[in-house]
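Let's take a walk through a protein model together.

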Amino acid sequence: MSHFLQLHLLTFYPPSNLNRDDTGRPKTATVGGVPRLRISSQALKRAWRSSAIFAERLREHIERHLRERGIEPQRALEIARSITQHFGKLKPEKDPAPARTEQLAFIAPEERAAALALSDRIAAGEKIEPTVEQLLRHADTAADIAMFGRMLADNPQFNREAAVQVAHAITTHRVTVEDDYYTAIDDLKTPEEDAGAGFVGEFGFGSGIFYLYACIDTGLLLRNLDGHRALAADACAALAEAAATVSPKGKQPSFAARARAHYILAEASNVQPRTLAGAFVKPVQDGDLAAASVIQLEAWRDKLDRAYGPAAEATAAMDVSAERGTLAEIVAFCRDAAGHA
């Protein structure tokens, strides 16, 4: 039985700006004394879970739900506010969007269904004072909340500790951010009017092999899902596939940096998990950065195993360049590991 499922991925991204800082340049980090490109864990998780229903403006959804059923607008707003106050601090009534909360709320499907059902009962004339117990749940059927957690400041008893930890992805080698100078031309102008550009600008970009580490506490995931083992298994399988195939969305229209991992190592174990980022304290310098990154990662894993003992009872690997393993095998491994947690 495995308590932890760890994923180590190497992915090559061509020139791109997937995750920008406050100046619009690619995020970076100094590692081993040299600059590296960086993709934040927040950007990665947002990209992975963007295809699932994980955060919705529930207050507006309730209000719209009632108005579509012929409830007078002001009454619909009053009902929506009475219910959604339990999901977070409401905006003032004079705010342009009084049906919203001040912060983002992560809401499971059954919680949304409960909120809509309660709003229908109140609109029908029942004298109900909504309570947090009627709306919120201690366990999830929403796998993304179970995996990535949630915080409800006013109702901490319904908080969810994240079962998935995701590191910031960094390049395995030194990278220098470059600048792209670009112009926009007004096609309607004639040469006689103006020979110059209609707009001039610049932004940064970079390219490299990124190392990504993620750790899933499968025991906590199972508890968050109220023991729903099949759902936990499907969630882990989905996370592995998303991490391997889904790219952050930053500046994609300008660069089309849609990449897939060329190397994945999945490990299932009951011992204390550990990142393999130490493999790249010394930046990879070989001409074939992809192959050299795999060699350094696996060599560092072997050194850690010799020093501390094996860190995994079972492993699965995929290396596109070496034609070893497949994504389907990695996904099946993750599903099995979570299913037997």
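**Starting with a charged pair**

The side chains of Glu 298 and Arg 324 meet in a salt bridge, with 3.1 Å from N to O. This pair links distant parts of the chain, 26 residues apart: Glu 298 sits in helix 10 (residues 289-308), while Arg 324 is in the loop between strand 9 (314-319) and helix 11 (327-339). What counts as a salt bridge here is a side-chain nitrogen of Lys or Arg within 4 Å of a carboxyl oxygen of Asp or Glu. Side chains of opposite charge can pair when their charged atoms come close. Helices (H or I, at least four residues) and strands (E, at least two) are DSSP runs, numbered from the N terminus.

Before we move on, a word on where this comes from: this is a predicted model, in which local features need pLDDT of at least 70 and side-chain atom pairs count only at pLDDT 80 or more, while totals for chains, interfaces and linings use all residues. Residues are numbered from 1 along each chain as its sequence is written, and side-chain values use heavy atoms, with hydrogens and water left out.

Back to our pair. Arg 324 is partly exposed, at 34% relative accessible area.

**More salt bridges**

How many salt bridges does the structure hold? There are 9. One of them joins the side chains of Arg 69 and Asp 120, at 4.0 Å from N to O. Arg 69 lies in the loop between helix 2 (58-67) and helix 3 (73-84), and Asp 120 is in helix 4, so this pair ties together parts that are 51 residues apart in sequence. Asp 120 is partly exposed, with a relative accessible area of 30%.

Now look at Glu 78 and Arg 75, whose side chains meet in a salt bridge at 3.7 Å, N to O. These two are 3 residues apart in helix 3, which means about one helical turn separates them. Glu 78 is partly exposed at 41%, and Arg 75 is partly exposed too, at 35%.

**A buried isoleucine**

Arg 75 turns up again as a contact of Ile 122 (contact means heavy atoms within 4.5 Å). Leaving aside neighbours within four places in sequence, Ile 122 also touches Ile 79, Ser 82, Ile 83, Ile 128 and Pro 130. Ile 122 lies in helix 4 (residues 109-123). Is Ile 122 buried or exposed? It is buried, with a relative accessible area of 7%.

**The cysteines**

A disulfide is a pair of cysteine sulfur atoms within 2.5 Å, and by this rule the count is 0. For Cys 334, the closest cysteine sulfur is in Cys 236, 7.0 Å away, too far for a bond. Cys 334 is buried at 0% relative accessible area, and Cys 215 counts as buried at 3%.

**Stepping back**

The chain has 11 helices and 9 strands. Of its 341 residues, 48% are buried. Among contacts with a separation of 6 or more, 71% come from residues 24 or more positions apart.

Definitions and conventions: Buried < 20%, exposed > 50% of the residue type's maximum accessible area, 1.4 Å probe, protein only.
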